[in-house]
Amino acid sequence: MSTYTNPIWDADFPDPHVIAWKGRFFAYATETAKHGSGFQVMESQDLVHWTHKGICFTPPWSKEHLWAPEVIAHKNALWMTYSALNPQTKKHDIGIAVASKPTGPFVHKAILVSGENNKVGVIDTTVHVEKDGSAWLLYSEEEPRRIVMCKLASDWLSTVGEPIEIVRPTEPWERGVNEAPTVLVRGGKYHLLYSAGWFESSKREASYCIAHAVSEKLAGPYKKTGAILASLPGRVWGPGHQCVVTVGKNKDDWLLYHGWSDTNEPRYGSNPRGRTLRLEKLRWQGGIPQAIAPTTTPQPAPGI
């Protein structure tokens, strides 16, 4: 049996998002100091061994705070949603870009959501497509740090209507943060995975985690069931900003996320590796994803 050991990419790869495309896997991430201004992309054939392919896109309208790219296939193309700092307003906007290949180059198409109506901006996008073909953009408003959604226009180059609130921070352990939405439909229900807490801090104050909520409808209301992946003191700190890839004949769900190692404090300027890429099998029981601990020992590899 083949195994893997976390981290599967032992370098800064924050806010990861992974897609399957023509028999390969491609991972996208926030910009890092090592690779410069632009979104990172990597390639793999097994979700475990990765090759860094450099930068796939730098928005023409921003060179700062290039955060949390997500990519989805649509109409024989690859569409990337992301956030970046608007140089005029100094707030975060959400853009969309298109490419014919997963490694790019991506081409800017539109600003989907302006952050000018929020105190700080808008970040952390994901696109969910319903059975009827309608597409919805879920994202985080930064202040208050809640998750909302808007319908995408038929050409995916604008949004329609006002934002609908999905969840907002309600629990003390969330530290005022609900962000990084992922939507899964299982058993006719909508399962929202999201991140809560502070993405960097001291170990004493570490709170970032992956949490779950469930609803009968995409627009909610959602019932929060709690954290499903949190820090493991002495091993991994601040696991979060997840995505899910379903693979193999058994349709197994695999959770990919970033986390800090135990070296120094879980924050930039202290931990030298940054937020590294990690992988766990997501298990379900009673229609709910089960709480798991981040692993650092050999685990059975995905059956691709």
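Start with Ser83, which sits in strand β7; strands here are DSSP runs of E with at least two residues, numbered from the N terminus. Ser83 counts as buried because its relative accessibility is 1%, where buried means under 20% relative accessible area with a 1.4 Å probe and protein chains only. Its contacts (heavy atoms within 4.5 Å) include Phe39, His65, Trp67, Asp93 and Ile123, leaving aside residues up to four places away in sequence.

A word on what you're looking at: this is a predicted model, in which local features need pLDDT of at least 70, side-chain atom pairs count only at pLDDT 80 or more, and totals for chains, interfaces and linings use all residues. Residues are numbered from 1 along each chain as its sequence is written, and side-chain values use heavy atoms, with hydrogens and water left out.

Now for the open spaces. A pocket is an open set of points on a 1 Å grid over the protein atoms alone, where a 1.4 Å probe fits, with protein on both sides within 12 Å along at least five of seven lines; lining residues have an atom within 4 Å of a point. The largest pocket has a volume of about 590 Å³, counted as the space filled by probe spheres set on the points. It is lined by 21 residues, and His17, Val18, Val71, Ile72 and Val244 are the closest to its centre. Strands β2, β6, β7, β10, β14 and β18 each give at least two residues to that lining, which splits into 13 nonpolar, six polar and two charged. For these classes, Ala, Val, Leu, Ile, Met, Phe, Trp, Tyr, Cys and Pro are nonpolar, Asp, Glu, Lys and Arg are charged, and the others, Gly among them, are polar.

The second largest pocket holds about 330 Å³. Of its 17 lining residues, Asp15, Trp67, Ile123, Phe199 and Arg275 lie nearest the centre, and the lining has six nonpolar, four polar and seven charged residues.

A polar atom of the His258 side chain lies 2.9 Å from the backbone nitrogen of Asp15. His258 is buried, at 0% relative accessibility, and touches Asp15, Tyr208 and Arg275, among others.

Last, the cysteines. With a disulfide taken as a pair of cysteine sulfur atoms within 2.5 Å, the count is zero. Cys209 has its nearest cysteine sulfur, that of Cys243, 17 Å away. Cys209 is buried at 4% relative accessibility, and Cys243 is buried at 2%.

Conventions
Helices (H or I, at least four residues) and strands (E, at least two) are DSSP runs, numbered from the N terminus. Buried means under 20% relative accessible area, exposed over 50%, partly exposed in between (1.4 Å probe, protein chains only). A polar contact is a pair of N or O atoms within 3.5 Å; within protein, one must be able to donate a hydrogen and the other to accept it, and residues adjacent in sequence count only if both atoms are side-chain atoms.
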